[in-house]
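Morning, everyone. Please have the sequence and the structure open while I talk.

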Amino acid sequence: MREFSKKIWKYLSSHLLLAVVLMIALGIVFGQFAPLWFVRIFTTFNGIFSALLSFVVPLLILALVTAAIAETGNGAGKMLVWTILLAYISTILAGFFTYGVSDLVFPKIINMHEYSSDFSSAAIPSSDLEPYFTFAFPPIMDTMSALLLSFMIGLACLRFDMPYLKGAVFELRNVVMMIIERVVLPLLPIYIFGVFMKMTIAGEMAMITHAYLKVIGIMVIMFLVVLLLQYLIAAGISHRNPFKLFHCMFPAFMTALASSSSAATLPVTLRCAEKMGAKPNVVNFVIPMCANIHLSGASVRTVALAVATMLMFGVPYTTPQLIGFILVFSITVLAAPGIPGGVIMAAIGMIEVMLGFNAEMSALIVTLSIALDSIGTAVNVCGDGALMMIIDRIVDQPNNQNVAK
């Protein structure tokens, strides 16, 4: 029996998509009947795992981005500029598109205060689902500091002859990737199981199904349209099949959908992106960067929920007001990805100031954003692959891995 269990675990570890789907289903099933003490065990594990991720992700970004710059040569500056520019443009355009659709459709399907009472209580108080204990692993630096330091070290390796520093960078990359492959990826399915079990027992999944149902339906369509446009553009520029490109990124999409974390998904995203055919140094540079600065899915979710909530509470808004909000939002939340719910927590103060949300409206949009965080994160992550293919073509990198052609 022990050997059989080991074989099953090894098989699931090597077939991550299957493991993710299985753990989603098991989490929902166990959430129907599991006792609170059992749920709290996995809540405790998830807290420790999240703390570990918070510690590892800045190191992962530092190692991969620095090594990618050091290996890129003179194209690093061009790649950096194009990555930042395209990520910001994609996030803004997704927000503009969402506002246009929301302003056109939502007034026809929303009645004021129709759903607000659904959020007055949860099936089980969150205090009953607290972990038994927590461990803190303070990161050496935050993600934005890791990005900045990686630029500085990587560009220094390009500008000056620093073989020892460059060697240390590559060794750090090997160490971090070993931790990801041998620790993070094998434990990720357990984390996903705990997330879905807690959501189910807390009543959040039932809440999502009942409240904002029409709004969520329109949002899903907008998510799909944004992804479709991104991959059609990427396919046109890179001369690839858009559906094969998306197929390569689908495991990352499902992992992000389950984990609600671009940080937890980053190792999977890198593995999937390698199959799309871009040059390895482009993959290692663009994917970690976009995990922190490309937020098209979060833009769709936040803008749609903001417009829907204002309509429900009868708060007037103007087009210039929403345009200004989208432009500022796209910059404000740069440091938020990687943590489930991080985007809305970083943006809520700006939402209150720029859009006039009161305490009740803020509580409502925070609850919905966290509950729907997974699909926005999945669109963010999957869109990173499309931007990577565009940048790979723009910087004119030679490509010997036409896997997705």
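Let's start with a pair of helices. This is a predicted model. Helix α12 covers residues 296-312, and helix α16 covers residues 373-394. Their axes come within 6 Å and cross at roughly 145°. Why give those two values? Because two packed helices are described by the angle between their axes and the distance between the axes.

Which residues of α12 and α16 make the contact? On α12, they are Ser 296, Gly 297, Ala 298 and Arg 301. On α16, they are Asp 373, Gly 376, Thr 377, Val 379 and Asn 380. Sort the contact by class and you get two nonpolar, five polar and two charged residues.

Next, the rings. How many aromatic pairs does the structure hold? There are 16 aromatic pairs. Take Phe 30 and Phe 38. Their ring centres are 6.0 Å apart, with 25° between the planes. That pair is stacked, because planes under 30 degrees apart count as stacked.

Now compare Phe 49 and Tyr 191. Their ring centres lie 5.0 Å apart and their planes sit at 35°, so this pair is tilted. Phe 49 belongs to helix α3, residues 36-72, while Tyr 191 belongs to helix α6, residues 163-201. So the pair ties together parts that are 142 residues apart in sequence. Are these two residues buried or exposed? Both Phe 49 and Tyr 191 are buried.

Where does α6 bend? It bends at Leu 188, by about 40°. A proline, Pro 189, follows within four residues. Just after α6 comes Gly 203, with a positive phi of about 85°.

One more backbone angle. Look at His 239, in the loop between α8 (213-238) and α9 (242-259). Phi of His 239 is near 60°. That is a positive value, and the residue is not a glycine. His 239 has a relative accessible area of 51%. The cut-off for exposed is over 50%, so His 239 counts as exposed.

That's my tour. Over to you.

Technical notes: Residues are numbered from 1 along each chain as its sequence is written. This is a predicted model: local features need pLDDT of at least 70, side-chain atom pairs count only at pLDDT 80 or more; totals for chains, interfaces and linings use all residues. Side-chain values use heavy atoms; hydrogens and water are left out. Axes are lines fitted to C-alpha atoms, for helices over the stretch in contact, and angles run from 0 to 180 degrees between N-to-C directions. Helices (H or I, at least four residues) and strands (E, at least two) are DSSP runs, numbered from the N terminus. Contact means heavy atoms within 4.5 Å. Ala, Val, Leu, Ile, Met, Phe, Trp, Tyr, Cys and Pro count as nonpolar, Asp, Glu, Lys and Arg as charged, and the others, Gly among them, as polar. Buried means under 20% relative accessible area, exposed over 50%, partly exposed in between (1.4 Å probe, protein chains only). Rings of Phe, Tyr and Trp (its six-membered ring) pair if their centres lie within 6.5 Å; planes under 30 degrees apart count as stacked, over 60 as edge-to-face and the rest as tilted. The bend at a residue is the angle between axes fitted to the seven residues ending there and the seven starting there.
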